Amino acid sequence: MDAQLVPWPKVLSANFIGFANFIKLLGFHAQDGAWLANDPKFWKFTGNTLFLMMVIPIQMFSSLILAIIMNQKLKGIAVFRTIYFLPTISSGVAICLLWQWIYNPNFGLLNSMITKIGSMLGADWQGPLWLSSMAWAKPSLMIMSLWVAIGGYNTILYLAALQNIPKDYYEAAEIDGANGWQKFWSITWPMISPTTFFITIMSIIWGFQGGFEQAYIMTRGGPNGATTTLEYYIYNNLYEWHHVGYAASVAWFLFIIIFVITLINWRFGGKLVHY
Amino acid sequence: MSKELLASKEMKAKRELTIKFITYAFLVAFGVTMMLPFFWMLSTSLKETQAVYVFPPKWIPDPVVWASYLKVWSVVPFARFYLNSMLVALAVTLGQVFTSAFAAYAFSRLTFPGRDKLFFSYLATMMIPGSVTLVPVYILMVHFRWIDSYKALIIPAMFSAYGTFMLRQFFMGIPRDLEDAARIDGCSLFGIFWKIILPLSKPILATLTTFTFMASWNNFMWPLLVTESVEKKTLPIGLAYFQEVYQYTQPDWALLMAGSLLVTIPVIIVFVFNQRFFVEGIKMSGIKG
């Protein structure tokens with residue numbers, strides 16, 4: 001392994017250049033009569049980060065469904081809960097390696113299953129290239145993160161919230177003739193809305209900072225920058241390219257974005273929460 | 001009871017049983033699906049290196065080969081990585097639990113000017129995303145010359161606003177009568193902390209210990225940044241290191257899967273033994289948060 005040289009000289013002799021980094025990061029310049037971004041890759045990576053965050057509502061919804069199913073007086077629920085939680089607590093690097101192998105285009109689990117099912121139906125199906133395909137790289141990561149998170153923290157939080165709903169509410173609704181759907185919307189959903197609020201905010205905060213391990217281990221940010229997130233961009237700037245100041249400016253951008261969105265969430269989301 | 005009432009009760013019981021059966025069936029099916037990748041990991045790790053590249057893939061390796069688990073220790077200095085991870089995780093866990101407990105005691109039981117303001121500003125540091133403090137702390141490590149030392153791996157992680165918060169809330173819930181009684185008997189402040197508060201806080205301390213140990217064991221980005229020489233690397237970095245070794249050839253997936261399993265198993269063991277505390281801890285943080 002090549003020794004990564006610590007940027008001793010650069011870090012120790014860094015001097016103050018004002019907002020130059022920010023202008024480089026966020027600014028635009030005119031060229032040939034059109035406005036071009038100073039750092040087009042930055043906007044691409046921001047887009048990647050936001051795209052990967054689209055899995056958050058799917059995750060939350062799945063966790064809620066799972067929690068509802070698990071919220072019954074059944075023996076041995078703890079066993080299931082433990083099993084579903086295992087992906088969350090496993091080492092991220094191990095999970096990344098595992099899924100890289102699963103996504104292997106020729107011998108991986110997924111494509112093998114796809115081809116097998118295809119041959120059973122008499123068709124010749126070839127699975128996509130997954131991590132090497134520009135179209136499938138991000139969805140691949142989203143599927144993996146769904147698998148990791150589905151039985152994790154959110155499910156536990158929802159389970160706790162569901163168990164806190166007094167049974168009398170449901171009984172009263174039943175007496176009034178409410179069906180399952182109505183019971184969910186009028187009782188369950190409002191009663192768990194504080195938890196939903198909490199999970200939404202935390203998921204967004206974590207979502208903005210995510211994608212590092214996947215990018216470093218599985219794709220190195222490729223193909224062609226398709227899986228580079230802001231976190232990976234910060235790492236590259238700091239450690240690989242030794243642009244320490246620039247890395248800091250990307251981190252600042254991240255901070256401000258997270259802060260603003262959390263604030264917006266708090267103000268508007270807060271109104272939707274029932275206590 | 002009338003005939004109709006009996007019949008409808010029977011139907012209700014039958015329906016509940018069906019629902020229970022369907023639920024169990026679903027939970028089992030879902031559990032199996034979730035575990036498929038792990039089975040695949042185990043299965044791959046027990047195959048011969050070349051047997052991995054076979055289509056259609058076999059779930060049960062034939063023959064079952066344990067060689068990869070032995071090879072893992074010699075291809076890269078895996079034992080050293082294990083030692084480092086153990087060392088760092090234990091040190092960080094002890095550090096965090098101790099500093100959080102002392103701080104939580106001060107914030108909940110001692111009175112001094114500016115106590116609550118200090119607590120809230122400490123709490124506010126939790127709002128700053130980790131990515132943002134990454135760059136400045138790294139720069140600090142360079143200035144302190146702590147890069148590539150255990151100090152950089154352990155010391156920045158030894159403090160936790162989260163842990164302090166969690167413990168402080170718990171301590172505040174402990175009734176004061178015990179302390180008053182102890183104080184009458186001449187117990188010092190530290191004595192109260194050591195002999196009364198801590199023993200009563202065993203569940204929450206177990207929760208914090210579990211959380212912290214797992215987070216430290218699985219931490220990847222920070223050790224990646226601050227370690228240079230191979231001797232200081234922790235397990236997650238070690239796993240990624242395997243990839244570098246096989247950069248120009250086909251990766252040895254059996255080896256990689258074996259290594260991945262070896263890295264994941266300690267955390268799973270810690271989790272399974274403490275999962276009761278873990279779940280309680282999550283619930284507490286979620287509901288009060």
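**Figure 1. Surroundings of A:Ala251 in the predicted model.** Leaving aside neighbours within four places in sequence, A:Ala251 is in contact with A:Ile234, B:Ser131, B:Val132, B:Leu134 and B:Val135 (two residues are in contact if their C-beta atoms, placed from the backbone, lie within 7 Å). The model is predicted, so local features need pLDDT of at least 70 and side-chain atom pairs count only at pLDDT 80 or more, whereas totals for chains, interfaces and linings use all residues. Residues are numbered from 1 along each chain as its sequence is written, while chains are lettered from A and ligands numbered from 1 in the order in which they are written.

**Figure 2. The largest nonpolar core.** This core holds 121 residues, and those with the most contacts inside it are A:Leu97, A:Leu98, A:Ile234, A:Ala251 and B:Met257. Helix α13 (residues 253-288) of chain B supplies the largest share of the core, twelve residues. A nonpolar core is a set of buried Ala, Val, Leu, Ile, Met, Phe, Trp, Tyr and Cys residues joined through C-beta atoms within 7 Å. A residue is buried if 20 or more other C-beta atoms lie within 10 Å of its own, exposed if 12 or fewer, and partly exposed in between, with C-beta atoms placed from the backbone. Helices (H or I, at least four residues) and strands (E, at least two) are DSSP runs, numbered from the N terminus.

**Figure 3. The contact between chain A and chain B.** Chain B gives 57 residues to the contact and chain A gives 55 residues. On the side of chain B that touches chain A, the elements with two or more residues are α1 (3-45), α5 (130-144), α10, α11 (221-226), α12 (235-245) and α13 of chain B. The largest share of that side, 16 residues, comes from α13(B). By class, the side of chain B that touches chain A has 40 nonpolar, 13 polar and four charged residues. Here Ala, Val, Leu, Ile, Met, Phe, Trp, Tyr, Cys and Pro count as nonpolar, Asp, Glu, Lys and Arg as charged, and the others, Gly among them, as polar.

**Figure 4. Packing of helices α7 and α10 of chain B.** The axes of α7(B) (residues 161-172) and α10(B) (residues 202-218) come within 10 Å and cross at roughly 170°. The two helices are therefore roughly antiparallel to each other. Axes are lines fitted to C-alpha atoms, for helices over the stretch in contact, and angles run from 0 to 180 degrees between N-to-C directions; those under 35 degrees count as roughly parallel, over 145 as roughly antiparallel, 65 to 115 as roughly perpendicular and the rest as oblique. From α7(B), B:Gly163, B:Met166, B:Leu167 and B:Phe170 meet B:Ile204, B:Leu208 and B:Thr212 of α10(B). The residues of this contact divide into five nonpolar, two polar and no charged.

**Figure 5. Helix α8 of chain B and the residue B:Gly186.** Helix α8(B) (residues 177-184) is hardly covered, and the count of buried residues among its eight residues is zero. Just after α8(B), B:Gly186 takes a positive phi of about 90°.

Figure 6. Strand β1(A) (residues 28-31) and strand β2(A) (residues 34-37) pair in the antiparallel sense over four bridges (two strands pair if DSSP finds at least two bridges between them). In β2(A), A:Leu36 is the bridge partner of A:His29, and A:Ala34 is that of A:Gln31. Two residues lie between the strands of this hairpin, where A:Asp32 takes a positive phi near 55°.

**Figure 7. The setting of A:Ile204.** Helix α12 (residues 193-208) of chain A contains A:Ile204. With 16 other C-beta atoms within 10 Å, A:Ile204 is partly exposed. A:Met53 and A:Ile204 are 151 residues apart in sequence and 7.4 Å apart in space, C-alpha to C-alpha. Leaving aside neighbours within four places in sequence, A:Ile204 is in contact with A:Ile56, A:Ile261 and A:Asn265.

Figure 8. Most residues other than glycine have a negative phi, and most peptide bonds are trans. A:Trp130, in the loop between α7 (109-120) and α8 (137-149) of chain A, has a positive phi of about 50° although it is not a glycine. A:Trp130 counts as buried because it has 23 C-beta neighbours inside 10 Å. A:His242, in the loop between α14 and α15 (244-272) of chain A, has a positive phi of about 60°. A:His242 is partly exposed, with 17 other C-beta atoms within 10 Å. A cis peptide bond with omega of about -10° joins A:Gly222 and A:Pro223, and A:Pro223 lies in the loop between α13 (212-219) and α14 (230-240) of chain A.
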